[in-house]
Amino acid sequence: MKSRWPYTIIGTLLVLALNVPPLLSQNEAQDNKPVSGVRITLDQTITNGWNEIDAVELVGLTTDEVVVRQWAISAEASSQYGSSSNWSPAQATGAPDTAGCGDQATAWASATSTGQDTLTLSYDTPVIPLEVNIYQTYHPGAIVRVELLEGDSATLTIFEGVDPALYCPGVLSIRVRAEAHLETLAYGVRIKINQAERSWTEIDAIELVGLAEDGALVRQWAGIARASSRYGSGDTWSPARATGAPDSLGCGDQSTAWASATAKGIDTLTAFFAKPVYPIEVNVYQNSQPGQIVRVDVLLADGTPPLVFTDLGDLTPFCPNVLRLNLARREVLHMPMFWTNGATIAGDPAQAILSGYANSIAYSQTVEGEIIDAGVRRGYGFDDWIFYGAIGDTLTITMQGTQEGNLDSLVFLIDDTDKIIARNDDAAPGSFDATLADIVLPSTGVYTIRASGSGGSVGAYTLTLQGKPAESD
Ligand SMILES: [Ca+2]
Ligand SMILES: [Ca+2]
């Protein structure tokens, strides 16, 4: 089974239950071809202010053959109904073979209709995980946890909470964030169900989708750029200022970003990339008056008509801002992230530089926020708070919901290459707070604390960062 896209949206039932970002409007151009450029159209009549663009990033795959979509080859379960091959764990291997919805022996069922049970699947090809799709054919909606298996005993929880697949048949489709990649490849999936509130949940098949090749995913900054106009002359505010990694700090007019000749009217910036890729994502870094991008043309390497995206959503986002077009999923996001992917920081990389950034946090500081969106993937609506840390600093991070019974805090510490270096869901059994205690920073740089809600929960929170420099020991 080959998909045109590395991600396939399966299961509208799940989508209905989620808080889904706006879908992109797209033209009829062919969309399974390598991409080599991006043209961004600004309508600066919206605010009559310069929408400066600092950098443009293209994320994609070197080939459309590297995505592996596979069904389980073997399965074990904590129990099974009966003792024959009917309803056995093996019925959850292979492609879906249960027609329609109902109690059928071609799907796995547990021994009792009310138990908590576990189903563990193995796959032929270990992959860098992108997505897991679980096909439920009888009383769906009882999945409470899904983990990926790596190595001998390591696991990564990719879903926890309330299964939204309440209508039968139901497909629970879980996408794995790029930064949640495992240290090694995933070879298995473990599913826990709790049938206390319904009858038998039967599972027909489980698909594991991922990348077969490390390095197949390419992230690149624009190499060259041109624009319909530019502010001033010389080296400042030129189109070339939108090439390379982001180098404009915080929000405001900066000559390290491209600006058009006037702050009014329609302008375009076209960015070109060194390596054509099958696109997954385009990120546009905006450091001044973002929200005026009204159209993005994704330029195909073979010169055929571009993919044109309009209806880009929220026109008054925060600043600085990353406009993310998720081409694989046809979604648009306005992200409160600025320094990502190891982008270098000019000048003195001290906390003072970050203090002008609205979403920064300092040592000994408590900030308040609210998770208001269940997010691009269930359980991972989030706020990002950045800080500058030095190697050897010891941190304790505490996240607490401030509204009774809403947010189940989930906190991540992410380094400057988007790698999660620590995570915590519940500080203690029965607690909805999250704590990362005594974390020693492995390197010096800009870190991100990602405050999130487990299981798609939302609500207000406080986040406290305590940091002790290494030299104070
Ligand atoms: Ca720049
Ligand atoms: Ca089956």
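This report describes selected strands, their pairing and the nonpolar cores of a predicted model.

**Strand 16 and its partners**

Strand 16 covers residues 307–310; Leu-307 and Phe-309 lie on its covered face, whereas Val-308 and Thr-310 lie on the uncovered one. In a regular strand the side chains alternate between the two faces of the sheet. Strand 16 pairs in the antiparallel sense with strand 1 (residues 25–26) over two bridges, and in this pairing Ser-25 stands opposite Thr-310. Strand 15 (residues 293–300) also pairs with strand 16 in the antiparallel sense, over three bridges. Here Val-298 has Leu-307 as its bridge partner. Strands 15 and 16 form a hairpin with six residues between them, and Gly-303 in the turn has a positive phi of about 80°.

**Strand 22 and its partners**

Six of the six residues of strand 22 (residues 409–414) are buried, so this strand is largely enclosed by the rest of the structure. Ser-409, Val-411 and Leu-413 point one way, while Leu-410, Phe-412 and Ile-414 point the other way. Strand 22 runs antiparallel to strand 25 (residues 445–453) and antiparallel to strand 23 (residues 420–424). Phe-412 takes part in both pairings: Arg-450 stands opposite it in strand 25, and Arg-423 is its bridge partner in strand 23.

| Strand | Partner | Bridges |
|---|---|---|
| Strand 16 | Strand 1 | two bridges |
| Strand 16 | Strand 15 | three bridges |
| Strand 22 | Strand 25 | six bridges |
| Strand 22 | Strand 23 | four bridges |

In soluble globular proteins, nonpolar side chains tend to be buried together. In this model the largest nonpolar core has 43 residues, and Val-38, Ile-53, Ala-242 and Val-284 have the most contacts inside it. Strands that each supply at least two residues of this core include strand 2 (35–43), strand 3 (52–61), strand 14 (266–288), strand 15 and strand 16. Strand 14 gives the most, with nine residues. Leaving aside residues up to four places away in sequence, Ile-53 touches Ile-40, Ala-242, Ala-257, Trp-258, Leu-269, Val-284, Tyr-285 and Gln-286. Another core, of 42 residues, lies apart from the largest one; among its residues are Val-68, Ala-75, Ala-142 and Ile-143.

**Phe-387**

Phe-387 belongs to strand 20 (residues 382–389). Phe-387 counts as buried because it has 22 C-beta neighbours inside 10 Å, the cut-off being 20 or more. Although Phe-387 and Ala-362 are 25 residues apart in sequence, their C-alpha atoms are 6.1 Å apart in space.

Note on methods: Residues are numbered from 1 along each chain as its sequence is written. Chains are lettered from A and ligands numbered from 1 in the order in which they are written. This is a predicted model: local features need pLDDT of at least 70, side-chain atom pairs count only at pLDDT 80 or more; totals for chains, interfaces and linings use all residues. A residue is buried if 20 or more other C-beta atoms lie within 10 Å of its own, exposed if 12 or fewer, and partly exposed in between; C-beta atoms are placed from the backbone. Two strands pair if DSSP finds at least two bridges between them. A nonpolar core is a set of buried Ala, Val, Leu, Ile, Met, Phe, Trp, Tyr and Cys residues joined through C-beta atoms within 7 Å. Two residues are in contact if their C-beta atoms, placed from the backbone, lie within 7 Å.
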